[in-house]
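Hi,

Here is the structure I promised to pass on.

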Amino acid sequence: MEAVEQLKQWIKESENIVFFGGAGVSTESGIPDFRSQDGLYHQQYDYPPEQILSHTFFMKKPEEFFRFYHNKMIAADAKPNKAHLALAKLEWEGKLKAVITQNIDGLHQDAGSREVLELHGSVRRNHCMRCGKFYGLETIQAQAGVPRCSCGGMIKPDVVLYEEGLDMDTLNKAVAYISQADVLIVGGTSLTVYPAAGLVDYYRGKKLVLINRDATPLDGSADLVINGKIGEVLSQACG
Ligand code: APR
């Protein structure tokens, strides 16, 4: 059976699907991923982007951090694409239990997904480092340079930077969904960043689907591998 047809069959038969995704889910919304040839980590900057997106750099050079962050990490006018919409439809139909994402763009929620676990946080949530006051994305966008709270403290995006830990509650929930899933669909991720990539090891079923444009370390152990554009594949399989 052709791979997309097999995926369509598994989706049709299941009411306990979990999706685990990364930056490749949002590239069809115009947001570059990190490690593809045209990805963020292959573009030239004064410092390696992985260094800029670290806690140490954020604390030492906030002006430089926010210049990069404004230009490259906030895609305010991006819209959900066919992949986001297909996953929201599966949840609406009671077939998909959760979307677990490494993305920080909020597009799954914009598409209508309700149970979204954001392992690396979100650009939509920001807090003052001094008084803890919450700010939305619009405040960060409105202030050029380092965003300041009304109390004078620096506002930090709720995005997990390198050297920072992930939220344990979110991680534990993700492990619970994946370990109980009937079908686990992994898509648009190079599966190279831990602990996120390690979550897939908790899956205990026999319907591990991998939808990715490039090869990943999981290709050899997935039950179904589809190399293609995730927006097209999911809209075909969930249609
Ligand atoms: N359809 C299918 N796959 C795609 C598409 C697409 N339209 N576009 C890109 N891809 C694939 C690429 O082939 C690549 O393997 O998505 C993958 C994206 O991998 P990365 O750029 O490494 O992104 P991701 O896996 O999400 O990175 C994980 O790294 O820097 C950290 O915090 C950052 O959350 C990010 C984490």
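Let me begin with the cysteines. The sulfur of cysteine 149 has its closest cysteine sulfur in cysteine 131, 3.6 Å away, which is too far for a bond. A disulfide here is a pair of cysteine sulfur atoms within 2.5 Å, and by this rule the count is zero. As a reminder, a disulfide is a covalent bond between the sulfur atoms of two cysteines. Cysteine 149 is buried, at a relative accessible area of 6%, and cysteine 238 is buried as well, at 5%. (Buried means under 20% relative accessible area, exposed over 50%, and partly exposed in between, using a 1.4 Å probe and protein chains only.)

Before going on, please note that this is a predicted model, in which local features need pLDDT of at least 70 and side-chain atom pairs count only at pLDDT 80 or more, while totals for chains, interfaces and linings use all residues. Residues are numbered from 1 along each chain as its sequence is written, and side-chain values use heavy atoms, with hydrogens and water left out.

Next, two helices. (Helices, H or I with at least four residues, and strands, E with at least two, are DSSP runs numbered from the N terminus.) In helix α4, residues 62–73, the buried residues are Pro62, Phe65, Phe66, Phe68, Tyr69 and Met73. They sit on the same side of α4, because they cover an arc of only 160° around the axis; the arc is that of the directions from the helix axis to the C-beta atoms. In general, an α-helix has 3.6 residues a turn, so residues three or four places apart point the same way. Glu63 and Asn71 are exposed, on the face of α4 turned away from its buried side. The cover over the buried residues of α4 includes α2 (49–52), α3 (55–60), β4 (121–128), α7 (137–142) and β6 (155–159).

Glutamate 64 also lies in helix α4. Leaving out residues up to four places away in sequence, glutamate 64 touches Asp46, Tyr47 and Phe57, where contact means heavy atoms within 4.5 Å.

Helix α9 (residues 230–237) has Ile230, Gly231, Val233, Leu234 and Ala237 buried. Their arc around the axis is only 165°, which puts them on the same side of α9. The elements that these buried residues pack against are α1 (3–13), β1 (17–21), α5 (82–92), β7 (183–187), β8 (208–211) and β9 (224–226).

Some backbone details are worth a look too. Leucine 191 is in the loop between β7 and β8; leucine 191 has a positive phi of about 55° although it is not a glycine, and it is buried at 6% relative accessibility. Glutamate 163, in the loop between β6 and α8 (168–180), has a positive phi near 80° and is likewise not a glycine. Is glutamate 163 buried or exposed? Glutamate 163 is exposed, with a relative accessible area of 57%.

Finally, the largest pocket. Its lining has 48 residues, with Gly22, Ala23, Phe34, Arg35 and Asn103 nearest its centre.

Best wishes

Definitions and conventions:
On a 1 Å grid over the protein atoms alone, a cavity is a set of points where a 1.4 Å probe fits but cannot get out, and a pocket is an open set with protein on both sides within 12 Å along at least five of seven lines; lining residues have an atom within 4 Å of a point.
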